[in-house]
Amino acid sequence: MAMAQTAESIGANVFQFFTRNPRGGAAKPLDHADVERFLAFAAERGIGPILAHAPYTLNAAGAEDRVREFAEATMLDDLKRLEFTPGAMYNFHPGSHVGQGAEKGIELISSMLVRIASRFSKKPSTTVLLETMAGKGSEVGGKFEEVRETIDRVESAAPDALALGVCLDTCHVWDAGYDIAGDLDGVLARFDEVIGLGRLKAIHLNDSMNALGAHKDRHEKLGKGRIGLDALMRVVNHPKLSALPFYLETPCDLQGYRDEIALVKSCYKQ
Ligand SMILES: [Zn+2]
């Protein structure tokens, strides 16, 4: 509830939150009365969809059993809890294959999602989003093809068991080499061809500290990085994207987010 009030106080109508400490660990027990207050507030004020973010430490493609077991147990727990806020979205970084190869990484990630889906008696109401990554180190998801293959594998092994979508992070795709500043239409056409724009459910709106294709993943404040404000506002206003929820992950404090939200709203044309 406090998160929703904070979001509203800075002019937001959506928000993203960590389900637990971003570096991992146990989640706080659910306060059901607080969940009820949140649901009423969100419905009344038109806040949503909310986007839950898995801890960064979650690595479904890890080489060690305990790393993968932690990822699976954490995601399962998160998705069970999210059923109390129906229709939410859950974003995760697909994982790093740590030298096992992207193919093996995709196999590990998709098989984990299939096992998680099998633990629900009916299809979860939450849409699970694979985030596009910068391709830093051995990250899986730096190429649209890897995201597509992961989704395909889950859906062929467990048809209609889990709603799967994609969250496009503007900093990550830029760092991965997709030129959203110089050729946004081309990147979206490529996304559509490989993954399908129908899968795109959310945007992480970030500038990048690094050059196109740097494979680094360092978020920057809007307009202060290498993508630039004009390009980011073309993303916000693109007819294929403008109806999507946008979430900031810029290195800001609360006042900084308030300013960025006002900036985006002032440039938003619809
Ligand atoms: Zn992101």
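Me: What share of the contacts in the protein chain between residues at least 6 apart in sequence join residues at least 24 apart, and what makes two residues a contact here?

Reply: The share is 77%, and a contact is called when the C-beta atoms of two residues, placed from the backbone, lie within 7 Å. The model is predicted, with local features needing pLDDT of at least 70 and side-chain atom pairs counting only at pLDDT 80 or more, whereas totals for chains, interfaces and linings use all residues. Residues are numbered from 1 along each chain as its sequence is written.

Me: Why is the protein chain called as compact as a globular protein of its length?

Reply: The chain, which comes to nine helices and eleven strands (DSSP runs of H or I with at least four residues, or of E with at least two), has a radius of gyration of 18 Å, close to the 18 Å that the globule rule gives for 270 residues, and is therefore as compact as a globular protein of that length. The rule is 2.2 Å times the number of residues to the power 0.38, and the radius is taken over C-alpha atoms.

Me: What makes Met 89, Tyr 90, Asn 91 and Phe 92 of strand 3 count as buried, and which way do they point?

Reply: Buried means that 20 or more other C-beta atoms lie within 10 Å of the residue's own, and all four residues of strand 3 (89–92) are buried, with Met 89 and Asn 91 pointing one way and Tyr 90 and Phe 92 the other. In a regular strand the side chains alternate between the two faces of the sheet. Over the whole protein chain, 39% of the 270 residues count as buried.

Me: How do you know that strand 3 pairs with strand 2 and strand 5?

Reply: Pairing requires at least two DSSP bridges; strand 2 (residues 51–53) and strand 3 have three, in the parallel sense, and four bridges join strand 3 to strand 5, again parallel. Leu 51 has Met 89 as its bridge partner in strand 3, while Tyr 90 stands opposite Val 128 in strand 5.

Notes
A residue is buried if 20 or more other C-beta atoms lie within 10 Å of its own, exposed if 12 or fewer, and partly exposed in between; C-beta atoms are placed from the backbone.
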